[in-house]
Amino acid sequence: MADTPYFAHESAYIDEGAEIGPGTKIWHFCHVMPGARIGARCVLGQNVYVGNVTIGDDCRIQNNVSLYDGVTLEDFVFCGPSLVFTNVLNPRAEINRKGEYRPTRVRRGATLGANATIVCGGTIGEYAFVAAGAVVRGDVPDFALMAGVPARRIGWMCRCGVRLPPENRCRTCGATYADDGGRLKLLT
């Protein structure tokens with residue numbers, strides 16, 4: 001692996017047919033399957049499994065996350081430790097349901113907290129923030145702060161990662177947003 005433009009720890013398995021961008025770091029006991037596409041400058045923590053998925057640039061995937069077939073992460077996505085993605089709604093060990101995989105898309109800049117569960121078939125919006133331990137069962141709007149079981153929107157998050165006050169002007173970076181019927185739009 002001395003000639004590769006990425007780093008993979010000697011205990012990681014990178015199967016033939018996987019595509020990995022320059023500057024990416026793959027740590028202990030990871031397994032990257034054929035067909036996986038991992039962008040540039042990503043970090044995969046210990047014991048990460050990457051199936052036939054697409055991962056954008058600059059993503060951070062913490063320890064013990066499994067990215068099963070059908071998951072797409074856009075650029076700058078953060079996946080907290082032990083985050084769970086599913087890809088079948090009603091699995092049974094004795095019934096092959098590979099033809100029923102439902103895609104899940106995580107849009108640019110989203111944060112998914114530790115031990116959260118993302119049930120397949122939805123889209124997590126840009127810069128959304130899913131709290132640790134939340135269970136997401138559908139689509140999440142851009143900038144939404146989601147928490148609970150099942151997850152519900154409890155507020156809005158700024159692009160810079162700070163919870164927005166009721167007036168939707170970030171006290172940290174100064175960005176302003178408008179609530180457009182349950183959807184947040186960045187104004188400045």
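**Figure 1. Accessible surface and overall dimensions of the predicted model.** The protein exposes about 9700 Å², of which carbon and sulfur atoms supply 48%. The structure shown is a predicted model. Of the 188 residues in the protein, 43% are buried. Along the principal axes, the C-alpha atoms fill a box of roughly 50 × 40 × 20 Å.

**Figure 2. Secondary structure and contacts along the chain.** The protein contains zero helices and 24 strands. Among the contacts with a sequence separation of 6 or more, 15% are accounted for by residues 24 or more positions apart.

**Figure 3. The aromatic pair of Phe 7 and Trp 27.** The structure holds four aromatic pairs. One of them is formed by Phe 7 and Trp 27, whose rings are tilted, with 4.8 Å centre to centre and 50 degrees between the planes. This pair links distant parts of the chain, the two residues being 20 residues apart. Phe 7 belongs to strand E1 (residues 7-8), whereas Trp 27 lies in the loop between strand E4 (25-26) and strand E5 (31-32). Phe 7 is partly exposed, because its relative accessible area of 35% falls between the limits of 20% and 50%. Trp 27 is likewise partly exposed, with a relative accessible area of 31%.

**Figure 4. The aromatic pair of Tyr 49 and Tyr 68.** The rings of Tyr 49 and Tyr 68 form a tilted pair, at 5.8 Å centre to centre and with 45 degrees between the planes. Distant parts of the chain are linked by this pair, as Tyr 49 and Tyr 68 are 19 residues apart. Tyr 49 is located in strand E8 (residues 49-50), and Tyr 68 occupies the loop between strand E11 (66-67) and strand E12 (71-73). Tyr 49 counts as partly exposed at 25% relative accessibility. Tyr 68 is also partly exposed, with a relative accessible area of 35%.

Figure 5. Tyr 127, Phe 143 and Tyr 177 are linked into a cluster by ring pairs. Tyr 177 is also one of the residues in contact with Asn 168. Asn 168 lies in the loop between strand E22 (152-156) and strand E23 (177-179). Its relative accessible area is 9%, and Asn 168 is therefore buried, the limit being under 20%. Apart from neighbours within four places in sequence, the contacts of Asn 168 are Trp 156, Ala 175, Thr 176, Tyr 177, Asp 179 and Leu 184.

**Figure 6. The surroundings of Thr 123.** Thr 123 is placed in strand E18 (residues 123-124). With a relative accessible area of 29%, Thr 123 is partly exposed. When residues up to four places away in sequence are not counted, Thr 123 touches Arg 105, Arg 107, Gly 138, Asp 139 and Val 140. From C-alpha to C-alpha, Thr 123 and Gly 21 are 24 Å apart in space, and they are 102 residues apart in sequence.

Conventions
Residues are numbered from 1 along each chain as its sequence is written. This is a predicted model: local features need pLDDT of at least 70, side-chain atom pairs count only at pLDDT 80 or more; totals for chains, interfaces and linings use all residues. Side-chain values use heavy atoms; hydrogens and water are left out. Rings of Phe, Tyr and Trp (its six-membered ring) pair if their centres lie within 6.5 Å; planes under 30 degrees apart count as stacked, over 60 as edge-to-face and the rest as tilted. Helices (H or I, at least four residues) and strands (E, at least two) are DSSP runs, numbered from the N terminus. Buried means under 20% relative accessible area, exposed over 50%, partly exposed in between (1.4 Å probe, protein chains only). Contact means heavy atoms within 4.5 Å. Accessible areas come from the Shrake-Rupley method with a 1.4 Å probe; for residues, only the protein chains shown count as cover.
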